[in-house]
Number of protein chains: 4
Amino acid sequence: MNDKTINSIAESLVPKNYLALANDARQERDKLVRILLEKVNFIKKIPHDGWNETTIEYLIAELAMLDSNNFNSRCGVGEREGRVICDLVRRRHYNFAHGVGRSGNLTAAQPKAAGSTLMANLTNSLVRDLIRTIGVPNCSSAVVVPMATGMTVMLTLRAIHGQRPDSKFVLWSRVDQQSCFKSILAAGLTPIVIDSVLSKENTTPKQSVPFATDLAAFEAKIQELGVDKVCCLLATTSCFAPRNSDDIIELAKLSAKYNVPHVVNNAYGLQSTFFCHQLERGSRAGRIDAFIQSTDKNLLVPVGGAIVAGFDKTTVDSVARLYPGRASGSQSLDVLLTLLTLGINGYQRLMKERKALHQLLLGGLSDLAKSYNERILPCNNPISIAMTLETFKTQSVQLEMIGSMLQKRGVSGCRVVTTNDSKTIDGHLFTAWGAHSSMAQVPYLTCSAALGITRDEISHFLSKLNEVLGKYRSKYVDQE
Amino acid sequence: MNDKTINSIAESLVPKNYLALANDARQERDKLVRILLEKVNFIKKIPHDGWNETTIEYLIAELAMLDSNNFNSRCGVGEREGRVICDLVRRRHYNFAHGVGRSGNLTAAQPKAAGSTLMANLTNSLVRDLIRTIGVPNCSSAVVVPMATGMTVMLTLRAIHGQRPDSKFVLWSRVDQQSCFKSILAAGLTPIVIDSVLSKENTTPKQSVPFATDLAAFEAKIQELGVDKVCCLLATTSCFAPRNSDDIIELAKLSAKYNVPHVVNNAYGLQSTFFCHQLERGSRAGRIDAFIQSTDKNLLVPVGGAIVAGFDKTTVDSVARLYPGRASGSQSLDVLLTLLTLGINGYQRLMKERKALHQLLLGGLSDLAKSYNERILPCNNPISIAMTLETFKTQSVQLEMIGSMLQKRGVSGCRVVTTNDSKTIDGHLFTAWGAHSSMAQVPYLTCSAALGITRDEISHFLSKLNEVLGKYRSKYVDQE
Amino acid sequence: MNDKTINSIAESLVPKNYLALANDARQERDKLVRILLEKVNFIKKIPHDGWNETTIEYLIAELAMLDSNNFNSRCGVGEREGRVICDLVRRRHYNFAHGVGRSGNLTAAQPKAAGSTLMANLTNSLVRDLIRTIGVPNCSSAVVVPMATGMTVMLTLRAIHGQRPDSKFVLWSRVDQQSCFKSILAAGLTPIVIDSVLSKENTTPKQSVPFATDLAAFEAKIQELGVDKVCCLLATTSCFAPRNSDDIIELAKLSAKYNVPHVVNNAYGLQSTFFCHQLERGSRAGRIDAFIQSTDKNLLVPVGGAIVAGFDKTTVDSVARLYPGRASGSQSLDVLLTLLTLGINGYQRLMKERKALHQLLLGGLSDLAKSYNERILPCNNPISIAMTLETFKTQSVQLEMIGSMLQKRGVSGCRVVTTNDSKTIDGHLFTAWGAHSSMAQVPYLTCSAALGITRDEISHFLSKLNEVLGKYRSKYVDQE
Amino acid sequence: MNDKTINSIAESLVPKNYLALANDARQERDKLVRILLEKVNFIKKIPHDGWNETTIEYLIAELAMLDSNNFNSRCGVGEREGRVICDLVRRRHYNFAHGVGRSGNLTAAQPKAAGSTLMANLTNSLVRDLIRTIGVPNCSSAVVVPMATGMTVMLTLRAIHGQRPDSKFVLWSRVDQQSCFKSILAAGLTPIVIDSVLSKENTTPKQSVPFATDLAAFEAKIQELGVDKVCCLLATTSCFAPRNSDDIIELAKLSAKYNVPHVVNNAYGLQSTFFCHQLERGSRAGRIDAFIQSTDKNLLVPVGGAIVAGFDKTTVDSVARLYPGRASGSQSLDVLLTLLTLGINGYQRLMKERKALHQLLLGGLSDLAKSYNERILPCNNPISIAMTLETFKTQSVQLEMIGSMLQKRGVSGCRVVTTNDSKTIDGHLFTAWGAHSSMAQVPYLTCSAALGITRDEISHFLSKLNEVLGKYRSKYVDQE
């Protein structure tokens with residue numbers, strides 16, 4: 001309601017003094033909104049504490065009503081007028097229909113859709129504020145892209161390639177997760193896979209799981225292929241143990257030294273302060289053109305969006321400008337609803353809880369490993385944990401059976417890696433597929449304490465794992 | 001948003017000129033709201049055309065936020081603070097929690113709940129406007145009561161009794177529907193059942209279904225019991241054919257003549273212009289203290305509310321003032337949502353459609369009756385129709401079987417009346433129960449074309465009825 | 001989906017093994033539902049732990065689809081077919097439209113509405129289970145009535161009066177809350193107000209706030225008026241301090257001794273184990289015909305419903321049977337959604353928290369009182385607290401100003417009682433209105449720690465109260 | 001509920017016979033679901049008539065509950081477990097969280113998400129059925145891609161390029177809409193812009209707006225660049241008048257003749273039977289590898305999705321397989337909800353209405369043109385209409401002012417093209433930007449009767465246009 005509406009309400013409907021008290025509260029709520037949107041605040045700030053649903057829906061409804069498809073007297077004779085025929089669809093999108101961006105730019109304003117424009121730009125501002133607050137203060141630009149991580153990495157590679165049209169190769173530190181590798185292929189570029197090396201601290205005889213980024217190989221490849229032929233270096237932070245994050249600080253230095261772009265796939269890395277600090281330090285020590293992360297894993301929204309962020313606007317803007325045509329606003333809306341619900345406090349509390357639960361899982365798994373004469377593979381991975389399965393190898397059954405047994409017991413997300421499998425993707429052979437390195441030999445299982453995990457899930461998992469390992473050993477191992 | 005919020009939105013979020021256009025639309029929408037609520041309009045008017053969902057939900061949300069339970073900084077140390085713990089419940093009530101009314105008056109304003117107060121009073125105003133517009137312009141007061149019709153009749157009787165503490169009897173023109181009769185008992189009063197008489201036009205030899213209000217008996221009873229002992233006359237308009245509406249015009253005259261209150265149970269009569277005009281004429285020719293109708297059947301909302309209306313404020317107000325304590329606001333909200341969705345045009349269109357469909361049903365049923373050597377029982381009932389079943393009587397099975405056969409085929413609401421049954425309610429014997437008169441002898445079935453019925457339902461019903469009657473006749477009647 | 005649907009799903013849409021895993025989970029969910037509804041369980045049990053929203057909405061949707069208005073091929077030719085024209089209304093009622101009960105009985109099954117019937121009866125069973133579990137194991141029957149407490153007390157009085165048609169008086173231990181008193185009047189009965197007596201422990205000279213139930217006066221009145229003329233004794237448990245609960249154990253004995261019905265207004269007493277135990281003990285020591293409580297304050301749903309409960313089925317059933325016609329199912333639905341969300345654990349956790357927060361409020365207020373040379377009025381009230389305001393009396397302003405000052409600061413629910421006011425309701429004079437006794441002389445303010453109050457509200461209140469008292473004293477008191 | 005749950009419901013909750021009747025209706029509803037999903041039906045069929053909301057939400061809820069994030073006892077230790085923290089987000093996605101597809105394939109099944117898999121595959125099947133039914137019976141494959149049209153064209157180009165790695169050029173018949181052109185650039189390919197030629201029927205002296213596809217230029221360019229260097233031909237159907245659809249039948253023949261892929265941007269062409277038939281005929285006469293259309297304009301859902309369809313599975317599958325990683329399921333859900341709501345009848349009714357309204361708009365505009373001495377530019381465009389503005393040219397103001405004046409009056413979507421503007425996109429110069437051809441000279445305005453337009457919008461537009469043209473002429477033209 002506009003202010004004068006309040007003043008014009010008939011006293012026969014409600015006494016003036018009751019209304020006055022209510023209007024105070026109304027103005028208090030509106031002040032929250034004004035602070036969020038107002039001009040003096042160059043950098044929009046995520047509210048300290050989360051808002052309640054009522055206030056959030058109030059804001060969203062007000063924004064949606066600024067779009068032309070929601071004007072009471074609308075008269076559309078264009079080919080795209082934001083008409084939504086199915087009421088269920090209309091409601092679930094809070095009456096937003098025009099999407100975001102405009103032909104040629106994801107962040108451009110739409111004349112027909114002031115509300116959608118506001119919504120998307122506000123979301124981008126709040127996401128940047130989030131990233132800056134939780135550990136990457138150097139970050140200067142962030143855009144929510146309504147495509148999942150893989151496709152967004154692809155778009156980023158294409159944007160970088162657009163500025164280096166003669167380049168052809170992407171130097172990629174191997175990580176056994178298909179979509180990242182496929183992003184390079186989908187971008188029409190040629191991946192150069194760089195295997196990991198044995199890190200110094202991992203050279204104990206038994207330990208054959210090596211995971212340091214092979215910086216020397218990177219440098220050698222740049223020199224071999226020629227700087228102009230290299231589109232960019234592509235590194236990964238968050239990944240399955242026992243692989244560690246790539247050494248993005250050293251890669252950033254390399255990137256700066258040779259003036260070759262450097263893209264970081266920070267897939268689910270925002271949830272960990274460790275990864276955030278690596279990014280910050282990398283940006284200070286050298287060059288990182290863009291880092292990309294999913295919205296689903298980091299912000300606990302449904303799959304479908306990613307964030308491209310950077311330390312200057314150049315690359316982020318060129319990705320936004322490359323996106324042809326309009327795009328879904330649904331992912332931005334999910335992020336906005338979530339950030340306003342959590343507030344910065346809520347998000348940081350989630351991060352803290354996750355860290356504590358990772359310790360809990362690590363402790364529980366260490367005990368379990370010990371009791372089965374296995375061990376936790378050494379690594380610095382703040383999210384994922386790997387436990388060896390050496391004593392479970394048998395002739396009769398595959399170790400993967402352990403995974404199936406867990407799944408039947410309702411456990412999802414625990415993966416068994418035998419190091420025996422190979423996989424060929426588009427002509428590229430990966431030996432020891434799943435283990436991130438052709439040198440891996442020790443079988444293991446991995447599990448993660450990712451954002452949103454609960455104490456109950458961890459204890460349930462540990463008990464089920466114990467049950468399965470016990471059953472497996474007595475049934476298959478002890479029989480041999 | 002307050003107006004100054006719009007002006008304070010950062011231009012980095014959306015260009016000023018796009019926002020200006022959107023703000024025009026925003027003000028247009030708000031004008032609708034202002035006209036609805038504003039003070040110069042003594043009598044609130046239902047909008048001509050219905051509003052769209054977005055605008056309606058916008059208004060409702062704004063109203064709810066005026067209640068203290070939705071204040072962002074609320075601090076409640078009372079015993080009733082409108083707290084709602086279950087999110088599903090909160091959402092379905094649009095954040096309203098305080099109910100309506102205040103100890104001792106259904107229409108009193110609540111200091112803690114300016115929004116609920118506004119909502120309820122607005123609804124009452126709009127309901128009055130509806131009643132006045134569709135055929136009872138003389139109506140001067142209407143209140144939505146969050147209890148179904150029977151209970152509301154009971155409360156009205158108690159309110160009237162409060163003003164005539166020495167009275168004891170309610171003179172009631174028999175209609176075979178339990179709740180009305182039970183209302184009298186529940187009110188602690190004694191019902192005097194007045195059977196119907198044969199109306200003149202219904203005196204053909206075969207026709208034994210008589211339905212004129214026995215005005216002479218009413219007058220005789222008033223004289224016999226004494227005016228002061230009679231709490232009120234209780235008449236009924238809408239009912240199952242072949243019963244007609246009571247002659248409320250003549251009863252109104254009687255009421256005026258003897259100065260005895262007159263209450264009309266207009267259960268589902270608002271949907272028919274005929275009943276509306278009877279009420280209007282009755283109010284002009286004599287005295288009607290209150291007429292009561294359900295919200296569910298007349299406004300197509302879920303069961304649970306009723307409207308008490310009157311031609312002066314006295315009785316309606318005394319009913320509202322009798323209600324002890326606070327009451328549910330849920331029924332008012334349903335009515336408000338419905339009236340804003342339909343607009344006055346929408347409601348009148350529904351009425352017109354119903355009238356046309358009643359003719360369709362009557363025509364179809366007349367043809368069917370003829371083909372089975374039955375007939376439509378003569379009456380002026382604008383909603384319900386009765387078709388005789390004389391040729392279907394058999395020794396072996398009960399006529400009620402026809403009802404069951406229809407029900408199995410998905411037909412609901414068709415009733416078979418054999419006139420053979422008796423029923424005793426709280427010591428009162430009703431012979432020929434269901435037929436509204438102890439003199440009824442012809443078996444029949446009734447069906448109605450009530451508000452919201454569709455053309456498809458009618459053709460489906462006629463075809464199913466034909467199928468059932470054919471089957472019944474060949475199976476049971478022809479076998480004898 | 002029926003089970004065979006699952007089996008018939010095309011493998012081209014989803015692999016069989018993935019579906020099998022999902023179906024396991026589906027059956028697990030359905031088991032929860034089956035346990036809730038199944039026949040072997042004579043007494044339905046509230047789930048131990050609350051259900052998640054998805055499971056609850058699944059159950060509710062399944063129930064609603066059992067009502068005829070939701071049948072895909074419906075054909076209604078009755079006058080009431082559960083049609084809902086406004087989509088917003090339909091959705092907020094989860095497609096329920098038929099209400100509950102049937103002409104003449106709130107708990108009767110509706111042929112057209114198997115789902116609504118199930119919903120209402122299930123709710124009543126769960127409410128009984130709740131009452132039994134939290135402290136009244138002797139309770140054998142409970143019904144949710146879709147009217148707020150006052151109106152439900154009125155209906156209960158009418159039901160009892162129906163069995164004692166010659167009775168006329170209700171003996172009522174004074175409590176200064178309008179709706180209870182008005183319930184008696186609305187029922188057409190005559191209230192006999194019995195003032196409180198000074199309890200022994202309250203006889204210190206300064207203390208003039210006396211609150212024991214005057215048992216002798218009750219007995220004397222029964223003898224004076226005659227047992228047959230007394231409709232019932234009406235006692236109150238939960239109320240504003242410094243009034244205590246009536247001594248319902250002794251009243252129950254009196255009731256048994258004279259064979260006069262005994263109704264307890266347990267308005268918001270379910271939330272306190274103390275009141276529950278009083279009821280249980282009363283039922284064992286003597287006679288309690290029914291106890292009535294609101295759904296809003298005890299179950300944290302919107303205003304509009306009450307629960308009538310009893311120790312045998314007689315009175316509860318007669319209340320249900322007195323209700324004329326169908327009734328709103330909305331209140332039962334709110335209660336069902338809430339109980340399934342909380343589970344019995346959730347409700348008991350709320351009770352525990354409330355008790356602890358009451359202690360917190362009491363402590364804080366005691367400190368504050370001391371600092372202003374005031375005191376907490378002695379009483380056993382487990383919810384409400386009263387603090388004297390003797391040193392704040394001035395010539396110039398009314399003590400009520402303290403209440404307004406609090407309200408302006410966003411505090412609701414704190415009441416100031418001066419003991420100087422009188423009020424006349426329907427010819428009955430109450431001196432010292434608000435103080436529950438004509439003998440009260442000490443001014444005070446009351447506040448409550450009711451179910452759902454938060455720690456923040458208490459600390460906010462204490463700080464605001466301190467601020468207001470300080471300001472008031474320096475401005476008005478110290479100036480004199 | 002499973003069937004045995006129904007049987008186990010306690011009779012104390014609801015009578016068996018009432019439940020039996022309700023269960024019949026339940027099974028009837030479930031039959032609808034079974035027919036939709038069942039295996040014997042190789043090609044899933046859109047229901048003839050649309051489903052009601054209740055049935056649709058029932059299906060969607062059941063599907064969502066098959067995803068692991070909704071299992072009651074879930075235990076996730078992976079990095080992606082479909083956790084959704086914000087309740088508003090969870091609800092608006094109907095509890096779906098896992099997205100669709102699996103690393104490396106948009107249509108692959110997800111082990112953790114049987115329901116999402118089912119939902120997405122079902123949607124694709126229904127979309128194919130829709131396309132086949134409304135005019136492209138030869139279509140054999142269709143996939144909903146959760147990216148808007150431009151990005152989907154880009155992905156399709158990349159998929160085709162993957163099979164022709166040495167190719168470099170995309171031959172593109174000019175259409176002045178940025179995103180299509182940008183799709184080529186974003187794909188890293190080089191656009192060869194082929195201007196339109198004057199069609200024979202458009203050679204009247206005054207008429208300088210020529211719009212036949214320059215087939216000779218296409219063929220010449222293939223020969224000039226070399227077949228292997230041409231990635232594909234890229235044609236457009238739906239576009240702004242006076243441009244016509246490209247001659248995709250002849251282009252399809254050319255494509256077949258030279259064995260060069262042929263992609264059709266059918267942006268909003270599904271809504272018109274004319275475009276559908278062109279596609280069908282093209283597929284029979286020659287070669288069309290894929291045709292791409294938006295979900296928003298053709299299915300009236302919010303912006304964000306597109307459909308890639310084809311006449312064999314090769315290209316469609318290769319697009320699906322190119323998509324790296326998981327993708328949003330939100331667009332598929334919107335499409336599914338819409339198709340089930342409309343049914344095939346509903347969609348075809350929309351198409352018919354649109355066609356009729358296009359005639360209405362054309363008639364009205366012709367009359368208006370005549371009255372201002374202007375004319376409708378001749379073309380076969382079934383959606384968009386262009387009216388000349390030759391007599392409105394002035395020295396003082398730009399013709400674009402007409403557009404602004406309309407916009408201020410609430411008209412959106414009407415574009416003024418002066419033919420005087422040029423635009424450079426990524427180094428490519430387009431003269432007469434907006435007019436689709438460098439030879440265009442006549443200024444004009446365009447408007448469209450697109451799917452979902454209403455009769456009111458057309459009459460409102462015609463009246464506003466008349467008002468604006470009159471005002472413009474008298475103010476600016478007549479003054480000169």
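1. Confidence. The model is a prediction, and its scores are ipTM 0.95 and pTM 0.96. Chain A has an average pLDDT of 93, with 96% of its residues scoring at least 70. Against that background, residues 201–209 of chain A have a pLDDT below 50, although this stretch still makes 15 contacts in the model beyond near neighbours in sequence.

2. Relation of chains B and C. Two copies of a chain are related by a rotation about an axis and a shift along it. Here chain C is superposed on chain B by a rotation of 180° with 0.0 Å of shift along the axis, at an RMSD of 0.0 Å. This is the relation of a two-fold axis. The residue of chain C that comes closest to the rotation axis is C:Arg92, whose C-alpha lies at 2.4 Å from that axis.

3. The interface of chains B and C. Chain C contributes 81 residues to the contact, and chain B contributes 82 residues. On the side of chain C that touches chain B, the largest share comes from helix H13 (residues 330–371) of chain C, with seven residues. That side of chain C divides into 35 nonpolar, 31 polar and 15 charged residues. Because 100% of the interface residues of chain C are also interface residues in chain B, the copies meet through the same surface.

4. Strand S10 (residues 411–412) of chain B and strand S1 (residues 75–76) of chain C run parallel and are joined by two bridges. Within this pairing, C:Gly76 of S1(C) is the bridge partner of B:Ser412.

5. The sheet of chain A. Three strands form an open sheet in chain A, in the order S9-S14-S11 and with antiparallel pairing. Strand S9 (384–388) and strand S11 (415–417) of chain A each have a single partner strand and stand at the edges, so one side of each is left without a neighbour in the sheet. On average, neighbouring strands are turned by 25° against each other, direction ignored. S9(A) pairs with strand S14 (residues 444–448) of chain A over five bridges in the antiparallel sense, and A:Met387 stands opposite A:Leu445 in S14(A).

6. The sheet of chain B. Chain B also holds an open sheet of three strands in the order S9-S14-S11, with antiparallel pairing. Its edge strands, S9 (384–388) and S11 (415–417) of chain B, each pair on one side only. Three bridges link S11(B) to strand S14 (residues 444–448) of chain B in the antiparallel sense, and B:Thr446 in S14(B) is the bridge partner of B:Arg415. Helix H13 (residues 330–371) of chain B lies across S9 and S14 of chain B and runs at about 0° to S9(B).

7. A helix packing in chain A. The axes of helix H6 (residues 149–163) and helix H12 (residues 313–322) of chain A come within 9 Å and cross at roughly 105°, which means that H6(A) is roughly perpendicular to H12(A). Residues making the contact include A:Leu155, A:Ala159 and A:Ile160 of H6(A), together with A:Val319 and A:Leu322 of H12(A). Taken as a whole, the residues of this contact divide into five nonpolar, five polar and one charged.

Definitions and conventions:
Residues are numbered from 1 along each chain as its sequence is written. Chains are lettered from A and ligands numbered from 1 in the order in which they are written. This is a predicted model: local features need pLDDT of at least 70, side-chain atom pairs count only at pLDDT 80 or more; totals for chains, interfaces and linings use all residues. Axes are lines fitted to C-alpha atoms, for helices over the stretch in contact, and angles run from 0 to 180 degrees between N-to-C directions. Helices (H or I, at least four residues) and strands (E, at least two) are DSSP runs, numbered from the N terminus. Angles under 35 degrees count as roughly parallel, over 145 as roughly antiparallel, 65 to 115 as roughly perpendicular and the rest as oblique. Two residues are in contact if their C-beta atoms, placed from the backbone, lie within 7 Å. Ala, Val, Leu, Ile, Met, Phe, Trp, Tyr, Cys and Pro count as nonpolar, Asp, Glu, Lys and Arg as charged, and the others, Gly among them, as polar. pLDDT is the predictor's confidence in each residue, from 0 to 100. Copies are superposed by least squares on the C-alpha atoms of residues with pLDDT of at least 70 in both. Two strands pair if DSSP finds at least two bridges between them.
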